[in-house]
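Let's take a friendly walk through this model, starting with its charged side chains and ending with its strands. Have the 3D view open as you read.

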Amino acid sequence: MITVKKQNKELTISESQKDSFLTLGYSVIDENGDIVEAGNATEYGDLKTENETLKTENAKLKSEIKKLNSTIKTLEAENKKLKSNE
């Protein structure tokens, strides 16, 4: 177990949660309260930019899924037609 701190809030967490808390801006501290590893808080502007990027990427992926589903239907129809001609 390790201790993390952000402003006046201290938490004891498992080692597996450390990276998540560092991303949230918490710092790992030792038993004396000294910072062992500083957290890297994400700024609002960074989050907003990332959100817009993800929205754009999501729209592109949805479009691609639509095209792929259309292609699947076409190929299934062709396959069915070929099987019926046998």
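Glu15, Lys18 and Glu37 are linked in a network of salt bridges, where a salt bridge is a side-chain nitrogen of Lys or Arg within 4 Å of a carboxyl oxygen of Asp or Glu. Before we go on, note that this is a predicted model, in which local features need pLDDT of at least 70, side-chain atom pairs count only at pLDDT 80 or more, and totals for chains, interfaces and linings use all residues. Residues are numbered from 1 along each chain as its sequence is written, and side-chain values use heavy atoms, with hydrogens and water left out.

Searching the whole structure turns up 2 salt bridges. In one, Lys18 pairs with Glu37, with 3.0 Å between the closest N and O atoms. This pair links distant parts of the chain, 19 residues apart: Lys18 sits in helix α1 (residues 18-23) and Glu37 in strand β4 (residues 35-37). Helices (H or I, at least four residues) and strands (E, at least two) are DSSP runs, numbered from the N terminus. Lys18 also meets the side chain of Glu15 in a salt bridge, at 3.8 Å from N to O.

How is each partner placed? Lys18 is buried, at 18% relative accessible area, while Glu37 at 31% is partly exposed and Glu15 at 48% is partly exposed. Buried means under 20% relative accessible area, exposed over 50%, and partly exposed in between (1.4 Å probe, protein chains only).

Now turn to the strands. β1 (residues 2-6) and β2 (residues 9-13) run antiparallel, joined by 5 bridges; two strands pair if DSSP finds at least two bridges between them. Val4 has Leu11 in β2 as its bridge partner. The hairpin of β1 and β2 has 2 residues between the strands, and Gln7 takes a positive phi near 55 degrees there.
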